[in-house]
Amino acid sequence: KFLGPNFTESYCWPPVARGCDVVAISYQGNDPFLYIPPVLTFLQSGSCYKALPNRNGPLALILCPGWKKAQLVFELLKAYERCSRQLHPMLIILGQNKEEARNVKIRGCEVIVTTPYSLLRLFEHHSLLFCRLCHLVLDEIEVLFSDATEEVFTILDCYKKAIISEEREYSPHQIVGVGTRWNKHIAHLIKEFMNDPYIVVTAMEEASIYGNVQQVVRRCTNSERTAVLLKILDFTHSNLQKVLVFTNSVNEAEMVHKALKSNSIFSLKMHKESEFNFKYILEQWTKKYSSGTHVVLVLTDDCMQSLGITDATCVVHFSFPSPRIFGQRLHSMSDNFCNVIKGSSVDQEYTKARSVILLTENSACHALGMLRYLQHAEAEIPPELHEFAAKMLEAEEDKKFSRPLCAYLKTFGICKNRTVCPDRHQINLQIDVPQNVPAKIIPTPGCVTILPLHIVNATNYFGRIVDKQKDQYTILAEEINEYFKKPSNKISVKNVEKLAFYGLCEKTLFHRVQVVEISPKEEENVFFNIKIKYIDEGRTSQVQSYQLLHLPARFQCLPPQAVEFVVCRVKPIDNEIEWNPKVTNYIHHKIKGKLHEAKIVHTLGNTAWVDPMVGIELLSDLKMSVNEYNIRSEILSTGLGTDNPEHITQLQKL
């Protein structure tokens, strides 16, 4: 069902399949399909590898920024490998336990998918790992270089040393890097580790960073824009200058053109109501001009594509651009982008393409996106833009005020992607004050006994606080199960209401549940799916409406017992933002349904942060319990977790 390569793939696949070095930066740059088909294609030609030493070791190595992306790439490789010769790919994700790395066997494997940290741990115990390596792929290259700079360059150095040996002279050498953003380290990669690479950049604002376009921000009021524009166009150097002035309306274009004419600046104008046709404008723009001539074209954004100009030396954003339009405007200077590979043999000072942004009081709506871009471009940023962006961030956060508190903030103390994260990063007292939750959640000087019942990940669980003397829920659960044993009490609900409480039979046990969501499309059906929450366990599920049972009011008096627990001061290794399933599964099997002692250090809404949390074993003969294990220590012992000393401090700041 594959219809053919997309725009970026059309440029990437041929050079990758020929074994060339390639860097591709695109809006789809995090899609492994940019490199998987052509790399697999090249690996089919077994004759290319005959000169390699007859040892164990991969031919191709795919470096991913984290375990989750590595898992995805590995699954894609397994799927597409069915159409090719057997490559026996391996997914290698290693923790800090050295024994684990020592026990890895790479016999017969031709493709390894891993992360920079895992690879270096493996290399410590497998010194011949690079001896047959021909293809090195860097997936999400900008993330690799920002999160693991040192590790990636160490790997590149090892690869470079391995391929310069005599026995590797006639074997393929290829580095492929794909991503969504240009990164300053990519230039170093190209110059030091690549051989005449293909550079494919289909995201124009990223191409402008690659092309070293000078970004200038001029602060002025809306009424001062014309005066500032005249100063910008007061040229002093003798090179040919071709300037595009972008406006966002016909009236604005006319006003700017008139102002330039009255100040004796030769200028052309183009908009949808203009009397001049495209042919005339292009003739004037492309004429052979002598050195020192200045050509200015005032235009609206909707004329860009029809004109197809790529040789401008300067772009002035008279109207503040949206991020989408910004890239298209910069494309008008693409002929004057510098080339990282070839370097520049001409005088940089006057041929360097310039982009001038007029920042006014009306620029707030796109200020945040523009600030991020200018920081990425390492441009000089006026303090006013920071102020605009701060206000925008505040407004964005206010929009999220009814959203749940960010899970990363709760679990690790920080959220690395606040600007794109859909959840809240500030306290909302209406939501975060405990509502209908056990009084036992309030921190006490001693410990509480907790029973984890739903494991979200290695440090985040839902469960109950248990009263060892006389647990109210245990009594209630017995009464509910006794009640529903009588067939006459199992009354199916006819009209299901959102947020209402019902009974539900699961295997032999009955639970209290709350309806969370009813699909609007299915409301007219006799039976339909509904999303429910087990109010005493914290988990959610999809069930059929007929499964819900009428729950007498006396069984609804006890508030929902489910409490969210977060284990403090531990986080995943290697800058990961999610727990590896290995450690989550290990903790799941160890703690689910077992009693634990925990000290509550913070509470917020229905969430309790615990430090420590220990598993206990009841010795009924001696009428006492002993601490069996500490959950934080158990996570650290897997080698997949590390200390997070700032966790509690960050929560206190919040």
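Colleague: Which element gives the most to the lining of the second largest pocket?

Modeller: β17 does, with four residues. Strands here are DSSP runs of E with at least two residues, helices runs of H or I with at least four, numbered from the N terminus. This is a predicted model: local features need pLDDT of at least 70 and side-chain atom pairs 80 or more, while totals for chains, interfaces and linings use all residues. Numbering starts from 1 along each chain, and side-chain values use heavy atoms, without hydrogens and water.

Colleague: What makes a residue part of the lining?

Modeller: An atom within 4 Å of a pocket point; a pocket is an open set on a 1 Å grid over the protein atoms alone, with protein on both sides within 12 Å along at least five of seven lines. For the second largest pocket, 43 residues qualify, and P404, I431, F462, K533 and N606 lie nearest its centre. Elements giving two or more residues include α18 (407-412), β15 (460-466) and β24 (607-619).

Colleague: Which domains each give at least three residues to this lining?

Modeller: Domain 3 (429-468 + 563-653) and domain 4 (472-557), with bounds from an automatic or database assignment.

Colleague: Why is N481 called buried?

Modeller: Buried means under 20% relative accessible area (1.4 Å probe, protein chains only). N481 has 16%, so N481 is buried. N481 is found in helix α20 (residues 472-484).

Colleague: What does N481 touch, leaving out residues up to four places away in sequence?

Modeller: T508, L509 and F510, where contact means heavy atoms within 4.5 Å.

Note on methods: On a 1 Å grid over the protein atoms alone, a cavity is a set of points where a 1.4 Å probe fits but cannot get out, and a pocket is an open set with protein on both sides within 12 Å along at least five of seven lines; lining residues have an atom within 4 Å of a point. Buried means under 20% relative accessible area, exposed over 50%, partly exposed in between (1.4 Å probe, protein chains only).
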